[in-house]
Amino acid sequence: MTEYVDAVWLAQRLRATSSKDLGHGLTRLIDGGELAPGSHLPTIRDFARAAGVSPGTVMTAWSRVRDSGRLHTRRRGGTVVVDPARPVAASAGDHVDWQDIEMSLVTPDPALQPDLAAAFGEALSATPDLHNAERAYLSERLRHSVEHTWPFEAAAWNCVGGGSEAVVLATAAAASGGPIGVEEPVSPGYLDILRQLGIEAFGVRADEHGPTVDSVTAALRHGATALILQPSGAYAMIGALSAGRARELAEAVGPGTWVVEDDSAGPLASTEPASLGVHLPDRVLRIRSYCKAFGIDLRTAVLGGSAELIERTVRLRSFGMASNSRILQNALAHLIDDPDVAHAITRAGGRYRLRRRAALDAFTSVGLRASASPDGFVVWVQVPDETSALINLARQGIVAAAGAKSFVNTTDGLLRFSILQLPEDRAHVVDLAEAVHAAVNSADREYFD
């Protein structure tokens, strides 16, 4: 008979408030036999209410134990203690409701993000200048946490409310009213922002080593005075910026062009992406976003590099009157410095790699042409007709994104799928690939029923 674990009983047995301690306690109960294989844990909300902690803390704790192979979670089927001698496999009745899986936007999996409670608690108690009216463009503690990992020596620093705001400010600062070269494909919505800002963009093609020298040179010949690059390849089709290509681009760019490097992968990147700042420190502004790794509620991205461009971003942000909360900044510093968080982010990166690989394998196995960069957040699938494929998929409850919205230049048909929230059961991903294959090859071209 299936045993359903009472939330109050479990909370009394664990008596912990941090995700780390909850995870360790749950592991001890399982390994000690107090929670038998097949036992159904209470829902995250029920346990959180009984234990007096946040659902996010419980989600992180359960995720830690699940990663060790002691738990298995099925959508609508709850979380079950696993018998290590008989791993739980997905049942034939397991079903994925694709309307609940975010694939059109690039939204991270909350279960793979760290608990913020300890970080905010420590930041509140360890911010000596709390309520100080002086603006903190970058707190001393956060600067100390990031500067030793920065790929080049930054002349100045700033901190703003997340990666998207950082890219918009840096783009406006670098463009100065002129046209820019943009490495494509770009992140969702970026081209719409450029149009709203009245900034003309030239598309810069990329290969497995990053933006090509010929494409960058062509953009400069057309009058581009700034380049917006994505060194981590988070949205790239096949690669990321290599050290060799960075050196070649620095020579091609010369001293008269601004360069903005948008490292949107941040701590999730498997290695520190290359940078033109190594060669042109006075002309490069580097952005490191932490939203995908640590969560959007941190509202904090760091900018470091050219003193002139940093000063421009300061002036552009509410005419120089805005600065990020010291609490947010120091909470981010806590997360960066915490070895347990670093381990969790490494584990998250590994899980995303598994999902990326599973998606590529599944799409390829059904005869579709698909690609992604090594640290990419998305998989690109070639299609003959974007509009028809998107409509046919929507009829099945599957929402993908049109590739054309990520390119300045005209491209062949592409669909973009975020891999961050994909299920890890390969059978489900194959089901998705088969649905995409059917949508792509459907003879139905009527857009209205």
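**Strands, a pocket and ring pairs in a predicted model**

Strand β9 (residues 258-263) and strand β10 run parallel to each other and are joined over 5 bridges. Here two strands count as paired if DSSP finds at least two bridges between them, while strands (E, at least two residues) and helices (H or I, at least four) are DSSP runs numbered from the N terminus.

Before I continue, a word on the basis of these values. This is a predicted model, in which local features need pLDDT of at least 70 and side-chain atom pairs count only at pLDDT 80 or more, whereas totals for chains, interfaces and linings use all residues. Residues are numbered from 1 along each chain as its sequence is written, and side-chain values use heavy atoms, with hydrogens and water left out.

Let me return to β10.

How many of the residues of β10 are buried? For strand β10, residues 284-289, the count is 6 of 6. Buried means under 20% relative accessible area, exposed means over 50%, and partly exposed lies in between, with a 1.4 Å probe and protein chains only. In a regular strand the side chains alternate between the two faces of the sheet. In β10, Val284, Arg286 and Arg288 point one way, Leu285, Ile287 and Ser289 point the other way, and all are buried.

The structure holds 6 of them. Rings of Phe, Tyr and Trp (its six-membered ring) pair if their centres lie within 6.5 Å; planes under 30 degrees apart are called stacked, over 60 edge-to-face, and the rest tilted. In one of these pairs, the ring centres of Phe47 and Trp62 are 5.1 Å apart and the planes stand at 40 degrees, so the pair is tilted. It links distant parts of the chain, with Phe47 in helix α3 (residues 44-51) and Trp62 in helix α4 (residues 55-67), 15 residues apart. Both Phe47 and Trp62 are buried. For Tyr290 and Phe294, the centres are 5.9 Å apart and the planes are at 10 degrees, so this pair is stacked. Tyr290 is buried at 3% relative accessibility, and Phe294 is buried at 4%.

A disulfide is defined as a pair of cysteine sulfur atoms within 2.5 Å, and the structure holds 0 disulfides. Cys159 is buried at 1% relative accessibility, and Cys291 is buried with a relative accessible area of 12%.

I turn now to the second largest pocket, which has a volume of about 570 Å³. On a 1 Å grid over the protein atoms alone, a pocket is an open set of points where a 1.4 Å probe fits, with protein on both sides within 12 Å along at least five of seven lines; lining residues have an atom within 4 Å of a point. Grid points are joined across faces, edges and corners, and the volume is the space filled by probe spheres set on the points. The lining has 27 residues, and Val106, Gly163, Ser164, Tyr235 and Lys292 lie nearest the centre of the pocket. The elements giving two or more residues to this lining are α7 (163-175), α8 (190-197) and α11 (291-294), and α7 gives the most, with 4 residues.

Finally, some backbone details. The peptide bond from Glu184 to Pro185 is cis, with omega near 0 degrees, and Pro185 sits in the loop between β4 (180-183) and α8. Ser176, in the loop between α7 and β4, has a positive phi near 50 degrees although it is a residue other than glycine. Is Ser176 buried or exposed? Ser176 counts as exposed, at 51% relative accessibility. Ser318 likewise has a positive phi, of about 55 degrees, and is not a glycine. Ser318 lies in the loop between α12 (307-316) and α13 (326-337) and is partly exposed at 41% relative accessibility.
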